[in-house]
Amino acid sequence: MTRLLDTPRPVAAADGPTPAERTARRKALLHWIAVHSLGIAAALFFVLPFVFVVLTSLMSDQQALTRDLTPNTWEWGNYRRVFETPGFLTWWRNTLLYAGLGTVLTVVSSVPVAYALAKFRFRGRKLSLMLVISMMMLPPQVVIIPMYLFWAKQLDLSGTLWPLIIPMAFGDAFSIFLLRQFLLTIPNEYLDAAKVDGCGEFRTLIKVVLPMAKPGIAAIALFQFFAAWNDYFGPQIYASENPAAWTLSYGLESFKGAHHTDWNLTMAATVLVMAPVIAVFFFAQKAFVEGVTLTGVKG
Amino acid sequence: MTTHTLRSKRRRSALRTAAFMSPWLIGFTVFFAYPMVSTVYFSFMKYDGFGAPSFNGLSNWTYVFADYPMFWPSLRNTLWLVLVMVTCRVVFGLGIGMLITKIRTGTGLFRTFFYLPYLAPPVAATLAFVFLLNPGTGPVNAILGDLGLPTPGWFNDASWSKPALTMLAVWGIGDLMVIFMAALLDVPKEQYEAAELDGASGWQRFRFVTLPNISPIVLFAVVTGVIQAMQYYTQPLVAGKVASGVIGGSGQQFEPGYPDKSTLTLPQLVYNLGFQRFDYSSACVVALVLFALAMAFTALLMRGRNNLIQAGD
């Protein structure tokens, strides 16, 4: 983090600082103060929304209707009331199913594809890669009409989350792309050595590549989990008709509808939807940040 | 080696490739190629979900472009979002990225603070902002009012709803911060030293050393930002719904765009036409417009001078 320092550190002389050194030191101190004040101001912008949300979630029903910023009495029971709201636990279960099963399917189906795109040479490889990138950039709304008709009218699966989970067994463009970028960084020598030892491509993938690709796999698993957790459009299209199939992201909005003036309860529910994501982040911070940089760019 | 064994070896390697690629090959066919063809087909048909589709010529297309009252407002909104929201995100993302590379005390803590909002699930973050910015009792207007500053209607005022969405988008800037931070740390230190020896000011160092080195990343951020702006769906829809007070998972109908079409974007039109008006054919027309725009910018990303996404080797 210190590579961009533009203030040279003054070298301490044996006979005390010269006036020039003293100015340099004062300049460095002023620079430090300026940078950190700016940092604190920015941090307030990013953190205060969370703070106000949490404070409001702890207010009493009456106080939540006022302009007060901090609760007079701390109503921790609000969180219990949210959990007791009909449906809330069902949304949790559905979200975990969608995110959990979806993530497993995505990883299993995307790894071999990413490996082929990174390490095999075959005709149509570049075209495949460009199609993967195109699919990655494709808004889900573009193909939703035929997909909805397919799942709802032909397979009669509307009102469930299966139309969202099943496609994940067939590779996810973003995961394939991200993992392929990661696999490119594994030197071919390792793969060649495995082949000299008599491993086929499949065994090479399992025994050699997978252990080395753990950070990349962790990153796609995290991204996929969050994508499912955050998804609003998918559940809106396929699950809206059946409240028993709602997810947290979709249900949260209707929660506001059912408690329209109770900002305290709505904010408590909001906290409960945000908290797991933030908890996962703290456990997997490194993999996550690595993943964000990977999607970016090698340019 | 005989030609026979060579050929069988080649065939084996082709089979192996096909086997490894098969999940995606199926996925591509069933969830991309088929629905794309089908979308084009429906855009020329008349179909409401019942009975057989019948040929409708260009009627759906003329309807969307000439008579559907939500089409042009949503394009105008998207243009606004591209010009203002994307610019704000890139400028602030770069600013925060530069700030974090200069912070020396508590770097990890600052970085976590700056990054966290990016993780907030979109529906939750939108709900939080509708609350924070609600004109009556929201904390932001409470503070602005106490300071004697004007208190805008934010998500309830057509001229303030997009600025409010922009604030929400700038709040979740963590992804850009990380990308810019990585790029800034890759700028060769010697170039800064050389610039300093030449007596370059802070701005000159930024303009002539930093910017040229990170310009591919800036371009990447702009182009992906434009693509995201065109796909902008959850936040404007949820903000409009919640702020209008008309919500209900399956109950009441909410016409997207509240207030006064100011939060409409193209993907919301697909929802409105297809799933509220059951005009599947016109929804397909909008879907194709969205597709064309998304692909044009994706091509820019892949074909650009800098080959931003390394599609080759």
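**View 1. Two domains of chain B.** The C-alpha centres of domain 1 of chain B and domain 2 of chain B lie 34 Å apart. Domain 1 of chain B covers 3–61 and domain 2 covers 69–303, with bounds that come from an automatic or database domain assignment. This is a predicted model, in which local features need pLDDT of at least 70 and side-chain atom pairs count only at pLDDT 80 or more, while totals for chains, interfaces and linings use all residues. Residues are numbered from 1 along each chain as its sequence is written, and chains are lettered from A and ligands numbered from 1 in the order in which they are written.

**View 2. The side of domain 1 of chain B that touches domain 2 of chain B.** Here 12 residues of domain 1 of chain B are in contact with 9 residues of domain 2 of chain B (contact: C-beta atoms, placed from the backbone, within 7 Å). Helix H1 (3–43), strand E1 (45–46) and helix H2 (59–67) of chain B each supply at least two residues of this side of domain 1. Helices (H or I, at least four residues) and strands (E, at least two) are DSSP runs, numbered from the N terminus. H1(B) gives the most, with 4 residues.

**View 3. Helices H4 and H8 of chain B.** H4 (residues 107–119) and H8 (residues 174–185) of chain B pack at an angle of about 135°, their axes 7 Å apart. Axes are lines fitted to C-alpha atoms, for helices over the stretch in contact, and angles run from 0 to 180 degrees between N-to-C directions. Phe114(B), Tyr115(B), Pro117(B) and Tyr118(B) in H4(B) meet Gly174(B), Asp175(B), Met177(B) and Val178(B) in H8(B).

Technical notes:
Two residues are in contact if their C-beta atoms, placed from the backbone, lie within 7 Å.
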